[in-house]
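The sequence and the structure come first, and the notes follow.

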Amino acid sequence: MDKAVLKAAADTFVGLNCLGLQKEPLKASSLTVKDGQEVYTLTFSDSDTPVFIDVEKRTNKVMNVYAGELENTTAEYPTVFSKGQFYVFGYEE
């Protein structure tokens, strides 16, 4: 796997740190084709709530973040939006 893919995922954790999401060890990765694009799905987990990050292979763009432990953190939304950090959790186009 390209180091730029791992960096893109690590940068995502930096952006989500204000919501309390900490980077955990990489447990698994897979490469699949979604809508004609090669996409890495990286699984970070050291607990019961893994984080899944989809990164497009060609551009290293983070396409989706699935973080179950953030689903109920609506109290933090004003802080995140005021900083211009927009993430979609569990949503796939």
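Please keep in mind that the model is predicted. The side chain of glutamate 56 meets that of arginine 58 in a salt bridge, with 3.5 Å from N to O. Arginine 58, by contrast, is exposed, at 68% relative accessible area.

Glutamate 56 belongs to strand S3, which spans residues 51–56. Burial is the rule in this strand: 5 of its 6 residues are buried.

## The neighbours of S3

On one side, S3 pairs with strand S2 (residues 37–44); the two run antiparallel and are joined by 6 bridges. A hairpin of 6 residues leads from S2 to S3. Within this pairing, valine 51 of S3 is the bridge partner of phenylalanine 44.

S3 also pairs with strand S4 (residues 62–67), again antiparallel, through 5 bridges. Here aspartate 54 stands opposite asparagine 64 of S4.

The whole structure holds 4 salt bridges. One of them joins lysine 34 and aspartate 54, whose closest N and O atoms are 3.0 Å apart. Because lysine 34 sits in strand S1 (residues 26–34) and aspartate 54 in strand S3, the pair ties together parts 20 residues apart in sequence. Aspartate 54 is buried, at 1% relative accessibility, while lysine 34 is partly exposed, at 24%.

Lysine 57 and glutamate 38 also form a salt bridge, at 3.8 Å from N to O. Lysine 57 lies in the loop between S3 and S4 and glutamate 38 in strand S2, so this pair connects parts 19 residues apart in sequence. Both partners are partly exposed: lysine 57 has a relative accessibility of 35%, and glutamate 38 has a relative accessible area of 40%.

## An aromatic contact

How many aromatic pairs does a search of the whole structure find? There is 1. The pair consists of phenylalanine 13 and phenylalanine 44, arranged edge-to-face with 5.0 Å centre to centre and 80° between the planes. Phenylalanine 13 lies in helix H1 (residues 3–16) and phenylalanine 44 in strand S2, so that distant parts of the chain, 31 residues apart, are linked.

Key: Residues are numbered from 1 along each chain as its sequence is written. This is a predicted model: local features need pLDDT of at least 70, side-chain atom pairs count only at pLDDT 80 or more; totals for chains, interfaces and linings use all residues. Side-chain values use heavy atoms; hydrogens and water are left out. Buried means under 20% relative accessible area, exposed over 50%, partly exposed in between (1.4 Å probe, protein chains only). Helices (H or I, at least four residues) and strands (E, at least two) are DSSP runs, numbered from the N terminus. Two strands pair if DSSP finds at least two bridges between them. Rings of Phe, Tyr and Trp (its six-membered ring) pair if their centres lie within 6.5 Å; planes under 30 degrees apart count as stacked, over 60 as edge-to-face and the rest as tilted.
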